[in-house]
Amino acid sequence: MVLRLGYLVLLIFLIGCSKTDSNVVIKESPNVLDENWKVSSMFKTDDYMLIGEQRKIGFIYNDSEVVRLYPGKKQKYMWHFWADTPEETQKLFGEKVKIIGVSKQTGEKVTVFEGGIGIPNTAIKDNEKVGKMPTTMSLPSKGLWRLEAYIDEKLFGSVVVEVH
């Protein structure tokens, strides 16, 4: 009798331990769900509209249906990077860049793109004052995503976008 009661208690314990709560969100990025999330501002540079932080970081984007981010759809975007001075910006050329996407809803982190900032085209006026990087990006799900740009493994800046 005592042996059966012991097995019953053990069985209940094991069942209780194996139950998972599907509403639990595992945060991979500290405080990702606690931050003030707002879609980044749009700004104009030369003849292009960008989303991001003016004179710091952004990519060509005008929120039209053609260039919007949609789950799983690969799109081409041209990123722009500005340092504090033109001389510091020139030091960015050739540096490795990694773009990490972080979902506001789930905290999920994905590598969106890895590449490098291209050498400026000297045929274009003032092109050496901004580092540019062509990308192909895709995000896996709808909602707000923060795109964190790491240059030489250091966070350079981020852009918050909505995936439609």
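Buried residues are those under 20% relative accessible area, exposed ones are over 50%, and partly exposed ones fall in between, as computed with a 1.4 Å probe on protein chains only. The structure is a predicted model, in which local features need pLDDT of at least 70 and side-chain atom pairs count only at pLDDT 80 or more, while totals for chains, interfaces and linings use all residues. Residues are numbered from 1 along each chain as its sequence is written, and side-chain values use heavy atoms, with hydrogens and water left out.

View 1. Strands here are DSSP runs of E with at least two residues, and helices are runs of H or I with at least four residues, both numbered from the N terminus; two strands pair if DSSP finds at least two bridges between them. Eight of the nine residues of β8 are buried, so this strand is largely enclosed by the rest of the structure. An open sheet is formed by four strands in the order β6-β5-β8-β9, with antiparallel pairing. Its edges are taken by β6 and β9, each of which has a single partner strand, so one side of each is left without a neighbour in the sheet. The twist from one strand to the next averages 20 degrees, where axes are lines fitted to C-alpha atoms (for helices over the stretch in contact) and angles run from 0 to 180 degrees between N-to-C directions. Within this sheet, β5 and β8 run antiparallel and are joined by seven bridges, and S103 stands opposite W145 in β8. The antiparallel pairing of β8 with β9 extends over nine bridges, with R146 opposite V160 in β9.

View 2. In the hairpin of β8 and β9, two residues lie between the strands, and D152 takes a positive phi near 50 degrees. The loop that holds D152 runs between β8 (143–151) and β9 (154–163), and the residue is partly exposed, with a relative accessible area of 47%. R55, likewise a residue other than glycine, has a positive phi near 65 degrees and lies in the loop between β2 (48–53) and β3 (57–60).

**View 3. The five-stranded sheet.** A further open sheet has five strands in the order β1-β2-β3-β4-β7, and its pairing is antiparallel. At the edges stand β1 (41–45) and β7, each with a single partner strand, so one side of each is left without a neighbour in the sheet. On average, neighbouring strands of this sheet are turned by 35 degrees against each other, direction ignored. Five bridges make up the antiparallel pairing of β1 and β2, in which M42 stands opposite I51 in β2.

**View 4. The largest nonpolar core.** A nonpolar core is a set of buried Ala, Val, Leu, Ile, Met, Phe, Trp, Tyr and Cys residues joined through side-chain atoms within 4.5 Å. The largest one has 28 residues, of which F59, W79, F81, I99, L139, L147 and V161 touch the most other members. At least two residues of this core come from each of β3, β4 (75–81), β5 (96–103), β6 (109–116), β7 (131–137), β8 and β9. Leaving aside neighbours within four places in sequence, L139 is in contact (heavy atoms within 4.5 Å) with residues including L69, Y70, P71, G101, V112, W145, L147 and V161.

View 5. Rings of Phe, Tyr and Trp (its six-membered ring) pair if their centres lie within 6.5 Å, with planes under 30 degrees apart counted as stacked, over 60 as edge-to-face and the rest as tilted. By this rule there are seven aromatic pairs. One of them joins W79 and F81, which are stacked at 6.1 Å centre to centre with 15 degrees between the planes. The rings of F81 and F156 have centres 5.8 Å apart and planes at 70 degrees, so this pair is edge-to-face. F81 belongs to strand β4 and F156 to strand β9, so the pair ties together parts that are 75 residues apart in sequence. Both are buried, F81 with a relative accessible area of 0% and F156 with 16%. Ring pairs link F59, Y61, Y77, W79, F81 and F156 into a cluster.

**View 6. A charge over the ring of F156.** The charged end of K56 sits over the ring of F156, 4.0 Å from its centre; the criterion is that NZ of Lys or CZ of Arg is within 6 Å of the ring centre and within 35 degrees of the ring normal.
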